[in-house]
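The following exercises ask the reader to examine a protein model step by step. Each task is followed by a worked solution.

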Amino acid sequence: MQNLEECWRSFVEPGSLPFVPQRALSPGFRIQLAREAGQAYVVTDPRRLSENLRSDRWRRLCVALDKWTFLRGDEKCRLVSLLHSMCLYQTLLDLIPHDHFEAGRAAPETLQLAFWRASAHFIHDLPERTSDYNTADMSVFEDIALNAPTAVPECFNATAKVFVHKAKTCCEIADLVRWSKRFEKALVHTIAGADKFTTGLFTSRFYRGLGFLPQLAGDRNEVKRTMDLAESHARNIKPGTSAQLLLYRENIHAVMESRTKEALWLGDKMKLSHGPSR
């Protein structure tokens, strides 16, 4: 809920800093939630909800969708971020055309929209109860990662997605090593001149993703060292706003999930019984 609140605030306050959530839920989550509320709420487009069931916020969202072509680029990006957080992936896919995209030539807002569309497409096509990544289309993410190195934070996020995807589909170690170097360069661009919170957050995310490399190589000590760094950076950042507090908590939760998987992989029964190291 807080994630939605921050995305809503970003949407209705165009002068505020944009909010970019870290995590995304599967389409199945929204379907299950809507079924609990009632069959009338099972919609893939907000405009399909009956008028008598709409809240003031819902109506404002529908008005923005109807005016999509007249919105400024920044307004579109904030609206798409909100739709992404609401698991309204099909609406997002319908809004943003699947035109020929070249990251190296794209304007910043066009690049952002392409990233959100690719993310929605990736999540929308995942099975609800399995994690089959082999047929996922990573072409837009790869284009951004390779050809838009100064796009912040899109290049980092795109590179992270490609790197993790390659690790989960068990690519060749040499290929993953090459992408780990691109991943590190993306981090350098992202935190250059950034505040301490942003630096700590993205550095923690970098090491959490990087942990796949020594795991694939079977290097137990390096896995632990890398994940220790991810947790250390995660715990040392100091949130100063409600949005930063949410991102901090999301990241801590993700790190703890990864450390649990690390313990399972290492066969560390002590860590599993007492929780990840701090």
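This is a predicted model: local features need pLDDT of at least 70, side-chain atom pairs count only at pLDDT 80 or more; totals for chains, interfaces and linings use all residues.

**Exercise 1.** Identify the loop in which Pro 153 is found, and the form of the peptide bond from Val 152 to Pro 153.

*Solution.* Step 1: the loop between helix 7 and helix 8 holds Pro 153. Step 2: the bond that runs from Val 152 to Pro 153 is cis, and its omega is near 0°.

**Exercise 2.** Describe how helix 7 and helix 8 cross.

*Solution.* Two packed helices are described by the angle between their axes and the distance between the axes. Step 1: the axes of helix 7 and helix 8 (residues 154–168) come within 8 Å, with a crossing angle of roughly 125°. Step 2: helix 7 is therefore oblique to helix 8. Step 3: the crossing in which helix 7 passes helix 8 is left-handed. Step 4: helix 7 contributes Phe 141, Glu 142, Ile 144 and Ala 145, which meet residues of helix 8 including Cys 155, Ala 158 and Val 162. Step 5: by class, the residues of this contact of helix 7 with helix 8 are six nonpolar, one polar and four charged.

**Exercise 3.** Are helix 8 and helix 9 roughly parallel or roughly antiparallel to each other?

*Solution.* Step 1: the axes of helix 8 and helix 9 (residues 173–191) come within 9 Å and cross at roughly 160°. Step 2: angles over 145 degrees count as roughly antiparallel, so helix 8 and helix 9 are roughly antiparallel to each other. Step 3: their crossing is left-handed. Step 4: among the residues of helix 8 that meet helix 9 are Phe 156, Ala 160 and Phe 163, and the residues of helix 9 in the contact include Leu 176, Trp 179 and Phe 183. Step 5: the contact of helix 8 with helix 9 comprises eleven nonpolar, three polar and three charged residues.

**Exercise 4.** Describe the crossing of helix 1 and helix 13, and the residues that make the contact.

*Solution.* Step 1: helix 1 (residues 2–12) and helix 13 (residues 242–266) have axes that come within 10 Å and cross at roughly 140°. Step 2: this angle makes helix 1 oblique to helix 13. Step 3: helix 1 passes helix 13 in a left-handed crossing. Step 4: on the side of helix 1 the contact is made by Gln 2, Asn 3, Glu 6 and Arg 9, and on the side of helix 13 by Ser 242, Ala 243, Leu 246, Arg 249 and Glu 250. Step 5: sorted by class, the contact of helix 1 with helix 13 has two nonpolar, three polar and four charged residues.

**Exercise 5.** Which helix gives the most to the lining of the second largest pocket?

*Solution.* Step 1: the second largest pocket has a volume of about 400 Å³. Step 2: its lining consists of 21 residues, of which Pro 97, Asp 99, Phe 101, Ala 114 and Arg 117 are the closest to its centre. Step 3: two or more lining residues come from each of helix 6 (108–124) and helix 7 (139–147). Step 4: helix 6 gives the most, with six residues. Step 5: the lining of the second largest pocket divides into eleven nonpolar, five polar and five charged residues.

Methods. Residues are numbered from 1 along each chain as its sequence is written. Side-chain values use heavy atoms; hydrogens and water are left out. On a 1 Å grid over the protein atoms alone, a cavity is a set of points where a 1.4 Å probe fits but cannot get out, and a pocket is an open set with protein on both sides within 12 Å along at least five of seven lines; lining residues have an atom within 4 Å of a point. Grid points are joined across faces, edges and corners, and a volume is the space filled by probe spheres set on the points. Helices (H or I, at least four residues) and strands (E, at least two) are DSSP runs, numbered from the N terminus. Ala, Val, Leu, Ile, Met, Phe, Trp, Tyr, Cys and Pro count as nonpolar, Asp, Glu, Lys and Arg as charged, and the others, Gly among them, as polar. Axes are lines fitted to C-alpha atoms, for helices over the stretch in contact, and angles run from 0 to 180 degrees between N-to-C directions. Angles under 35 degrees count as roughly parallel, over 145 as roughly antiparallel, 65 to 115 as roughly perpendicular and the rest as oblique. A crossing is left-handed if the near helix is turned anticlockwise from the far one by less than a right angle, and right-handed if clockwise. Contact means heavy atoms within 4.5 Å.
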